[in-house]
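User: I have a model to study. Please take me through some of its features.

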Amino acid sequence: IEIKESLLRKGHIFRGNSDVEVIIHLYEEYGSRCVEFLEGMFAFAIWDRKNQTVFIARDRIGEKPLFYYDSSDFFIFASEMKSILKVSQKVLSLNSFALKNILIYPVTPSPSTFFKDVFQLPPAITLTYRNSEINLNKYWFLQIKRSSVRNINEEFENLFSNTIYKTIRSDVPIAVLLSGGIDSSIVTYETAKFNKKLTAFVVSDTSNSNDAELIRARRVAKSLGIKLVEIDFEARDIVDIPRILCNYDQPIPNFAILYADYLYKTISEYVKVALTGNGADEIFAGYSGYNQISKDYFIIRLISKFSFLNFLFNGNFKKKLLKAKSYSNHPNADLRGIFFNENADELSRNLFTAEFLQETSSEFPGKYIDAYANECNSSSQIDIAMYTDLMINHTHGHTVIGDIAGMAHGLEVRSP
């Protein structure tokens with residue numbers, strides 16, 4: 001709405017009220033810079049007839065999927081790989097590197113996929129296709145800044161309230177997913193301010209009277225005076241798994257896909273738009289592992305200072321001293337990628353045949369971490385871990401599951 005109003009003041013004439021028309025006029029006014037004015041989730045393509053150019057873009061965090069395939073015959077893009085396979089009519093080869101990546105990631109990180117020559121457009125990237133040439137441009141990365149706690153609290157409260165206000169705009173009834181935890185509760189609390197008839201959904205085990213999530217969700221719903229629908233999650237029949245996996249187009253080692261399918265299928269019978277608390281753990285260090293990161297890196301630096309005493313020790317402790325010393329020689333931005341590479345190599349040795357191990361030996365899964373770690377303008381290991389999780393684990397796991405599982409049942413899942 002705000003963008004449309006600014007374009008109207010610039011003389012643009014609209015024929016309707018759709019978001020799509022706003023994006024077209026925005027592109028007409030600013031060209032490829034149009035994405036800088038957009039907020040939230042999106043993936044779109046524009047055919048620029050005047051310049052004979054295809055312009056495609058994906059949102060900052062990668063909530064919406066977007067794939068492309070380029071060959072001497074044609075350029076194809078779609079929100080699902082099924083469409084690319086259907087149009088290309090080609091038998092695509094397996095990307096063996098993806099099997100190594102999936103050992104440590106929720107799904108193989110963009111731009112790679114499980115098929116050679118099929119790519120995911122990474123988050124915060126635009127692609128221009130003209131005269132059979134592809135140009136990629138990164139239009140955003142997270143700027144980390146320091147401020148006082150008081151200023152941060154005030155700024156967050158204003159930003160979050162404004163975000164919820166924009167996120168709940170919908171032509172159809174909207175609901176929230178409520179587990180009773182901090183993330184979903186604050187989304188529910190803020191949404192209830194604008195929507196007094198709000199309905200919340202919680203997945204529960206009604207046979208368990210001590211179900212913590214259900215107890216918390218009931219308390220939050222009661223305090224806000226909103227309706228709570230309790231969805232009893234039952235054991236899934238194994239025959240459902242092929243159907244559910246088919247929605248994702250490539251392997252995804254995450255039990256949550258079964259849970260999400262049932263959850264969103266049930267919610268779609270009530271509403272067509274639902275808000276979740278996805279992403280908050282990556283932004284606010286909600287995962288318990290973050291508490292350990294500073295300790296681990298402090299110990300590494302401390303031990304490395306005594307590595308010159310390694311001649312006094314034997315066996316594993318000596319190895320650990322030398323290992324800590326080798327780690328301390330690397331800048332902070334490189335360490336997490338190194339750990340990912342080591343974990344992937346160890347798992348590969350235990351799982352792959354000798355032939356396949358050799359075939360994938362040149363793939364270093366930590367390179368995806370490295371790219372974002374070096375982009376992060378901070379030397380703090382917690383900052384680096386949170387940012388790389390946001391842009392890789394969150395983007396390629398949590399948001400993908402929410403979007404695909406929701407869309408499979410006609411439910412739009414939004415993460416403020």
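User: Which helices and which strand each supply at least two residues of the lining of the second largest pocket?

Analyst: This is a predicted model, where local features need pLDDT of at least 70, side-chain atom pairs count only at pLDDT 80 or more, and totals for chains, interfaces and linings use all residues. Residues are numbered from 1 along each chain as its sequence is written, and side-chain values use heavy atoms, without hydrogens and water. Helices (H or I, at least four residues) and strands (E, at least two) are DSSP runs, numbered from the N terminus. The suppliers are strand 9 (199-204) and helix 6 (182-194), helix 7 (212-224), helix 9 (256-268), helix 10 (280-284) and helix 16 (381-407).

User: Are the rings of F75 and Y129 stacked or tilted?

Analyst: Rings of Phe, Tyr and Trp (its six-membered ring) pair if their centres lie within 6.5 Å; planes under 30 degrees apart count as stacked, over 60 as edge-to-face and the rest as tilted. Here the centres are 4.2 Å apart and the planes meet at 10°, so the pair is stacked.

User: How many residues apart in sequence are the parts that this pair ties together?

Analyst: F75 lies in strand 4 (residues 75-78). Y129 lies in strand 6 (residues 125-130), so the parts are 54 residues apart.

User: Are F75 and Y129 buried or exposed?

Analyst: Buried means under 20% relative accessible area, exposed over 50%, partly exposed in between (1.4 Å probe, protein chains only). By that scale, F75 and Y129 are both buried.

User: Which residues form one aromatic cluster with F75 and Y129?

Analyst: F75 and Y129 belong to one aromatic cluster.
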